Amino acid sequence: MRKGRRKLNQAGMSLVELIVVILILGILSVGTAVGINYAKQMDSTSAGEKLVSLLERTRVYTISAENTSDPLLKVKLLLTKEGNTYYGTLMDGSTQVDKVSLGNGSLTIKLTEAGASDLVIGSGGTPGASAEIAYKKANGAFDDSCDYNSIVIDGSKTRTIRLVNTTGRSYLE
């Protein structure tokens, strides 16, 4: 008779154990979703902070650079998209002084100008449009060729850099 009996403790998971496992998986998935959203928001903020720093560095470098009469050899900041990455490149004439990665293709960087259409860097998701920002050596104001009012960085969060043309200063909002 003992051969026909089965043990009572060979059952699978209890309902309580199953509910606990489902709750733990739910908490982990919510935490992951929040973390990914936070990381995406930090992309546009990080790109904005890097760009403001690079703008100020270009301004200071322009003021302290040796005087040159050739307008093609001026100090400038180039904003470009190469492949899937945005870059800010500090140029002294044709010499690259520094190149900073601003962010990947999940961002959109555009420059706004009063009375003109926006300039989108790497428009259409492919390399293409680029922007050049230069300063006056005498007072550090933006060069006359630079009429941009702001730089807008769109990601999961939008960050705007306000440009003050008369002083050459920039502010991240």
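Trainee: Where is threonine 89 placed?
Mentor: Threonine 89 is in strand S2. Strands (E, at least two residues) and helices (H or I, at least four) are DSSP runs, numbered from the N terminus. Before going on: this is a predicted model, where local features need pLDDT of at least 70 and side-chain atom pairs count only at pLDDT 80 or more, while totals for chains, interfaces and linings use all residues. Residues are numbered from 1 along each chain as its sequence is written, and side-chain values use heavy atoms, with hydrogens and water left out.

Trainee: Is threonine 89 buried or exposed?
Mentor: Buried, at a relative accessible area of 6%. Buried means under 20%, exposed over 50%, and partly exposed in between, with a 1.4 Å probe and protein chains only.

Trainee: And what is threonine 89 in contact with?
Mentor: Leaving aside neighbours within four places in sequence, threonine 89 is in contact with Leu54, Lys76, Leu77, Leu78, Gln96, Asp98 and Lys99. Contact means heavy atoms within 4.5 Å.

Trainee: Which sense does the pairing of S2 and S3 have?
Mentor: Antiparallel, over eight bridges, with S2 covering residues 85-92. Two strands pair if DSSP finds at least two bridges between them. Leucine 90 stands opposite aspartate 98 in S3.

Trainee: What is the strand order in the open sheet?
Mentor: S3-S2-S1-S6, four strands with antiparallel pairing. Strand S3 (95-104) and strand S6 (131-134) are at the edges with a single partner strand each, so one side of each has no neighbour in the sheet.

Trainee: New topic. Which ring does lysine 99 lie over?
Mentor: Lysine 99 lies over the face of tyrosine 87, at 4.6 Å from the ring centre. The criterion is NZ of Lys or CZ of Arg within 6 Å of the ring centre and within 35 degrees of the ring normal.

Trainee: How many aromatic pairs does the structure hold?
Mentor: One. The rings of tyrosine 135 and phenylalanine 142 have centres 4.8 Å apart and planes at 25 degrees, so the pair is stacked. Rings of Phe, Tyr and Trp (its six-membered ring) pair with centres within 6.5 Å; planes under 30 degrees apart count as stacked, over 60 as edge-to-face, the rest as tilted.
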